[in-house]
Amino acid sequence: MSTVAYAGTPEKGWLTPIGRRRWQNFKANRRGYWSFWIFLVLFGLSLCAEFIANDKPIVASYKGELLFPVFVNYPEEKFGGFLAETDFRSDFIRDEIEANGWMVWPPIRYSYQTVNSNIPHSAPTPPFWLMSEEERCSAYPLGADDPGCMLGNMNWLGTDDQARDVTARMIYGFRISVLFGLALTIASAVIGVSAGAVQGYFGGWTDLLFQRFIEIWSSMPVLYILLIIAAILPPGFFILLGIMLLFSWVGFVGVVRAEFLRARNFEYVNAARALGVGNGTIMYRHLLPNAMVATLTFLPFILSGSITTLTSLDFLGFGMPPGSASLGEMIAQGKSNLQAPWLGLTAFFAMSIMLSLLIFVGEATRDAFDPRKTFR
């Protein structure tokens, strides 16, 4: 016997009917929808940076033994040397392994800290495609006929003032920027949403005291305090994250507080109280989902702001530790080396593309959660 699906029966799936409408609204914004997927692809590729740009082979075979240098640091004595860590880019190691096996390299044979010792002239050097074959291979022993003068050893976007590959530093810098922004945004959202929920739900003196504290806290000169603290404490990813977290959570409080103040006296909330449901359960299961609708629309914009702040601190020299892959440090190098425009242009375009994609995703998210479009 065949079954007939009624028109009013909702489709089964992991999305609710409202969620499906929001997803359709998100897809309707084609610019934001494709920006979302492009950003995911770029971020996914940056997470695999070690397999794209690295000074170690992905996999190698030596005397019948399968090696994975990208995961394991092998001592050089394994290949007849004496150093504690193998330099797979050296001619001796390359010839030894190729005589007794093979290596599979990433497309770019440089990591973000790798110094290219075969540059044709003093650093910074331009992208290889701006030089003739004889010029870009002039530092190799055999010139253009040297086996090391190959595409994988070329600097696609040139080198910085320390002869490090710009392409590799851009890929790793993109990953650090996005991971830092995501970590800061998530941590800020947790603290800000919790503070706003407590304020809005309990109201009274709790709300009054919290508001006075936030007014005082948000009136402080944030940039000067960040610079002072960053100059005192040793630089590091988590130290910088903690410093910026001191002030970044405030932006979430107002929106969540307003939503909780509006909804705390609704009938379904009073009914839950009458049934003996605890305050924590009411806040988490009944009020928080409604408040998160407004909060989610701000997340892409908060993420882009976090990335911009990190880049600014790196540009001023108060961000990540020296030597770290950083877009802000690349911009600072471009400022100091105006004769090498590829440094500033690479960082500029990387930042512009990243922030533009996030802004477009934020606009699409705002459209998706717009009640005028969701419930029409």
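I started with Arg164, which counts as buried at 5% relative accessibility (buried means under 20% relative accessible area, exposed over 50%, partly exposed in between, with a 1.4 Å probe and protein chains only). Before going on, I noted that this is a predicted model, where local features need pLDDT of at least 70 and side-chain atom pairs count only at pLDDT 80 or more, while totals for chains, interfaces and linings use all residues. Residues are numbered from 1 along each chain as its sequence is written, and side-chain values use heavy atoms, leaving out hydrogens and water.

**Entry: salt bridges**

What does Arg164 form a salt bridge with? I found Asp160, with the closest N and O atoms 2.9 Å apart. A salt bridge here is a side-chain nitrogen of Lys or Arg within 4 Å of a carboxyl oxygen of Asp or Glu. Asp160 is buried too, at 2% relative accessibility.

Next I looked at Arg169 and Glu329, whose side chains meet in a salt bridge at 3.1 Å, N to O. This pair links distant parts of the chain: Arg169 sits in helix H5 (residues 166-202) and Glu329 in helix H13 (residues 327-336), 160 residues apart. I then saw that salt bridges with shared partners join Asp160, Arg164, Arg169 and Glu329 into one network. Arg169 is buried, with a relative accessible area of 1%.

I also checked Arg94 and Asp95, which form a salt bridge at 3.4 Å, N to O. Arg94 is buried at 16%, whereas Asp95 is partly exposed at 42%. The structure holds 13 salt bridges.

**Entry: the sheet**

In what order do the three strands of the open sheet come? I read S2-S1-S3, with antiparallel pairing. The edge strands are S2 (65-67) and S3 (101-104), each pairing on one side only. Two strands pair if DSSP finds at least two bridges between them; helices (H or I, at least four residues) and strands (E, at least two) are DSSP runs, numbered from the N terminus. Four bridges join S1 (residues 59-62) to S3, and Ala60 stands opposite Met103 in S3.

**Entry: annotated spans**

I looked up "transmembrane region" in UniProt, where an unreviewed entry lists several spans, including residues 178-202 and 293-320. Positions are in the numbering used here, feature names are shortened, and annotations may be inferred rather than shown by experiment. In the model, residues 178-202 are 100% helix and 0% strand, with end C-alpha atoms 36 Å apart. For residues 293-320 I noted 79% helix, 0% strand and 34 Å between the end C-alpha atoms.
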